[in-house]
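Visitor: Could you take me on a close look at one strand and the sheet around it, and then show me what else in the model deserves a stop? I work with computed structures, so please keep the residue names in.

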Amino acid sequence: MTAVDLPFPPTDLTRDGLAGVPTTDAPQTRKEYTSDQEVRWCPGCGDYAVLAAVQGLLPDLGLVRENIVFVSGIGCSSRFPYYLDTYGMHSIHGRAPAIATGLAVTRPDLSTWVVTGDGDALSIGGNHLIHALRRNVNLTILLFNNRIYGLTKGQYSPTSETGKVTKSTPMGSVDSPFNPVSLALGAEATFVARTVDSDRRHLTAVLREAATHRGTSLVEIFQNCPIFNDGAFGAMKDQDSREAALIPLEHGRPVRFGAGGARGVVRAGVGVRVVSVRGAEHPDGVDESALLVHDAHADDPSTAFALSRLTDSGVLTQAPIGVFRQVERPTYDDLARAQGDTALGAAGAGDLAALIAGKDSWTVD
Amino acid sequence: MSKQVRQLDRVIIRFAGDSGDGMQLTGDRFTAETAAFGNDLSTLPNFPAEIRAPQGTMAGVSSFQVHFADHDILTPGDAPDVLVAMNPAALKANVADVPRGSTVIVDTHDFTTRNLSKAGYGQDPLDDGTLEPFQVHAVDLTAMTVEAVNEFGLSRKDAARAKNMFALGLLSWMYGRPVEPTIEFLTTRFGAKPTLRDANVTAFRTGWNYGETTEAFAVRYEIKPATMASGRYRNITGNAALSYGLIAASQRSGLPLFLGAYPITPASDVLHELSKHKNFGVTTFQAEDEIAGVGAALGASYGGALGVTTTSGPGISLKSETIGLAVMLELPLVVCDIQRGGPSTGLPTKTEQSDLLQAMFGRNGEAPLPVVAPRSPADCFDAALEAARIAVTYRTPVLLLSDGSLANGSEPWRLPDVDALPTIDPGFARADAPGDRNSDAEGSEDQPFLPYARDAATLARSWAVPGTAGLMHRIGGLEKADCTGDISYDPDNHDLTVRTRQAKVDAVAGTLPPTEVDDPSRGVADGVGARLLVVGWGSTYGPIGAACRRARRDGYAVAQVHLRHLNPFPSDLGEVLARYDRVVVPEMNLGQLALLLRGRFLVDAVSHTQVRGMPFKAAELADVLRAHAREVESYAFPQSGNVAGRIA
């Protein structure tokens, strides 16, 4: 077998995730994006906040509404499409990335979104997720991570901390969790971000970047389940602890957090570690100039991966948020369509009669 | 030296050798020559699932049978008139199928103690008399090949590899096949490697000349071209015909074709074939698994493409949930199952038709879908087009049941006039089209779109694809409220929609032609006629048809029905079955169609089954039919001698 150098990417391949999707100058409102269906999540569910953020963002994107599609799997968050007045499909457990891939490849004029959860995307649908990421299909994937199975009433999920006591693990779960950001980076993702349901501004900003990235954008959203896993992200949300728990990543800026920026991240061996930054509080701390400057556009994902490891695998007390990685790579769907165009250019539009006759036909009189 | 020429009306040749001996290619080339000559033909490749089993062992034997005739034939033939065995294992694996008096051509080169023992021979069969019932030509084909190509300076191994072309040359001489197509083929194939090209062409010519000059082969055979309906023909395999049928469906519907597939034997060739034709607007997606293959196809259908997935039985098992989703979403989807021996991994390269009940019922809940099956390799074209017609017209997944013998077998195909092929109307919903909205009043734009409102005749729902203004809606796997498509847990609604989805599939029967009954004795004379009906589906068409001809030739009256549509059945099928005293259903499973016929029509269908991974033999089936005919006294009027009695 041989490999060929693809005559791609064609120079005209766009880097805009929304290129090809028709736009409108007419102002749009959040109401237009609200369907007539009654929202049926539990009171206090983090999903409400995400829905509100998306309904707030979409009018801003200026897209023709009928060219937006939300595809979801199964789980609480996967009811999402019913509540948006766009096109939508509530599919089956774990398969939304596969279905969305077929749609995105055949319809470059659509803005295609996938809504999924930690069980949907990382357990039953893990295979589809990693392959969508490696292919870099032009999709925006919102992964609602509540670290629990909600719709089936409270079993532990692939992101639950080890030792999690649930109905199915009365003695504590014995499996190690996935870190969704680490997983996505390992799967060759070109856009990986994390945000929190309760931070509307951060959530909206990250979603906007994800939507406009060309390729598969994976956004992990820390989302509270008030019924079966309440407080799982308490440290991230509590006014008193939030500053110390969240490590904001901003491209081109030193990675620094905590009250008064007292904490920061430096390179350490092949990874990174959290240090105290020199200042009134830490006179012996590391100088600000030694902090790691976040480069989301670095071709090598190693540092982004190292940053993702600052996330606790057990009960969450610390996690980076923001865009870990955003790099440009031709998308599967653009390349697949370009091959079609190349074939068409080389051979001309297919002639069915010539095709079926083949090269070895004969005539009987 | 002038050779005796003997006329024959049909011949069955089987080429057998090691997996690496190029027997499939040899068979393909002989078939191409035979097609060019104008005989009717039918082929049966038979090869192991292992790519290269240990050389010289029984596990590694690969064979290719071709049946050709001066008249219309239906099967690749039961037993070879000529067996070409390239090594001891090939002889051992195939000789039991060879009738007494037939010809066996053996390449003696590998008949060494070591290779004999690998094949499990205690003694050399060439010497111990076991081949006495046959006309044996024991020749060192390999040595002659190596000598013939000596001038090209190939390694001994490469030189010996041309032995299949020597054998092809010899057989081409014996049966008067035209040599030009093969020389042309070799010239193209080895265009970049002139030494290999010249060696293969030389081996081929030397094989021919060997037949011409040696005294060992005293007779040549002549099989006149068959009388075939006028038209343009080509030889085609089932998988190629199926691929072309899908492309034709795309062209005739104006829908871009999207194939989502995961490699699996014996379906992969459809993926390979369609991947070559991107200039027809075909997109092929090699998915990460079977589930993603069908999922992507369904996603493409949702976006307004003709979504297709191809697989074999194990893949259908994995796709079942998504097919169920397609039933619920009521979107077009063509699911091709190229059946193979099961259960589980089963017999990947062997044929079987044991997925019928899986196709019918292999999903949770009441999830009916139409099922169609081709009857011959070329018929895969029409079956694929028909599957797409139903899928698009009725907004439903359709299961197309081909099988391994159709997929790899080939036959001459009279090319259809592409402009006369049926057209398929996608009938996409538009906001301004009448009937797509919940109101016939003026200004209906304010009314909500009803994605599950149905066409009165077909019961098909609207196909409103993303990008269509004014028709935004949500669909999903949860039960749908009638018309609105909203989530509904209402008991009456569920009862209604379950029955409606069934009624929609049943409605397909209204567009099917009456059942075609092949009953030559019907209406010929009073009081005489067939009391026996044989019903089949899929690739058994050839053997059943051939068995019917044999039984009829002997004076038995046998009627034949072969079903294209397994779900729904044609509307008149019950009435047809009721006309006969006995209904016999031969199948390569344990009686799946028979079960359906019994359940649906309360007919006491007699199941005749075989699951050997190989097609039925016409002669054996004819015996079965004769026995049934005698039991129900199903005799035709006395034979006048002009009834078609050719063996098929």
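Predicted model: local features only at pLDDT ≥ 70, side-chain atom pairs only at ≥ 80, totals over all residues.

Guide: Happy to. Within S3(A), A:Val115 is the bridge partner of A:Ser72.

How enclosed is S3(A) itself? Strand S3 (residues 111-117) of chain A has seven of its seven residues buried, so the rest of the structure largely encloses it. Both of its faces are covered. A:Ser111, A:Trp113, A:Val115 and A:Gly117 lie on one side, A:Thr112, A:Val114 and A:Thr116 lie on the other, and all of these are buried.

Now step back to the whole sheet. Nine strands make it up, in the order S7(A)-S11(A)-S5(A)-S6(A)-S4(A)-S3(A)-S1(A)-S2(A)-S17(B); the sheet is open and its pairing is mixed. Its edge strands are S7 (246-249) of chain A and S17 (474-476) of chain B, each of which pairs on one side only. On average, neighbouring strands here are turned by 20 degrees against each other, direction ignored.

Elsewhere in this sheet, strand S5 (residues 191-196) of chain A pairs with strand S6 (residues 217-222) of chain A in the parallel sense, over six bridges. One of the bridged pairs there joins A:Val196 to A:Phe222 in S6(A).

The end of the sheet at S17(B) takes us across to the other chain. S2(A) and S17(B) run parallel and are joined by three bridges, with A:Met89 having B:Ile475 in S17(B) as its bridge partner.

That brings us to the contact between the chains, to which chain A gives 52 residues and chain B gives 54 residues. On the side of chain A that touches chain B, the elements giving two or more residues are strand S2 (87-90), helix H2 (96-106), helix H4 (126-135), helix H10 (332-347), helix H11 (352-357) and strand S12 (361-364) of chain A. H2(A) supplies the largest share of that side, eight residues. By class, the side of chain A that touches chain B holds 24 nonpolar, 20 polar and eight charged residues.

Chain B has helices worth a stop too. Helix H4 (residues 141-148) of chain B packs against helix H6 (residues 163-174) of chain B at an angle of about 105 degrees, with the axes 9 Å apart. That angle makes H4(B) roughly perpendicular to H6(B). Where they meet, H4(B) brings B:Leu141, B:Thr142, B:Met144 and B:Thr145, while H6(B) brings B:Lys163, B:Phe166 and B:Ala167. Sorted by class, this contact of H4(B) with H6(B) has four nonpolar, two polar and one charged residues.

Further along is helix H14 (residues 379-394) of chain B. At 1.5 Å a residue, its 16 residues should span 22 Å, and its end C-alpha atoms are 22 Å apart, which agrees. H14(B) is mostly covered, with 16 of its 16 residues buried. Just after H14(B), B:Arg395 takes a positive phi of about 50 degrees.

Most residues other than glycine have a negative phi, and most peptide bonds are trans. B:Glu330, not a glycine, has a positive phi of about 55 degrees and is found in the loop between helix H12 (313-329) and S13 of chain B. B:Glu330 counts as buried because it has 24 C-beta neighbours inside 10 Å. B:Ser344, also not a glycine, has a positive phi of about 50 degrees and is found in the loop between S13 and H13 of chain B. With 8 C-beta neighbours inside 10 Å, B:Ser344 counts as exposed.

The loop of B:Ser344, between strand S13 (333-339) and helix H13 (356-361) of chain B, also holds B:Pro343. A cis peptide bond joins B:Gly342 to B:Pro343, with omega about 0 degrees. Another cis peptide bond, between B:Thr265 and B:Pro266, has omega of about 0 degrees; B:Pro266 has its place in the loop between strand S10 (257-261) and helix H10 (268-275) of chain B.

Technical notes
Residues numbered from 1 in each chain as written. Chains lettered and ligands numbered in written order. Pairing = 2+ DSSP bridges. Helix = DSSP H or I, 4+ residues; strand = E, 2+ residues; numbered from the N terminus. Axes fitted to C-alpha atoms, helices over the stretch in contact; angles between N-to-C directions. Expected span 1.5 Å × (residues − 1). Buried ≥ 20, exposed ≤ 12 C-beta atoms within 10 Å, placed from the backbone. Contact = placed C-beta atoms within 7 Å. Nonpolar A, V, L, I, M, F, W, Y, C, P; charged D, E, K, R; others polar. Parallel < 35°, antiparallel > 145°, perpendicular 65-115°, else oblique.
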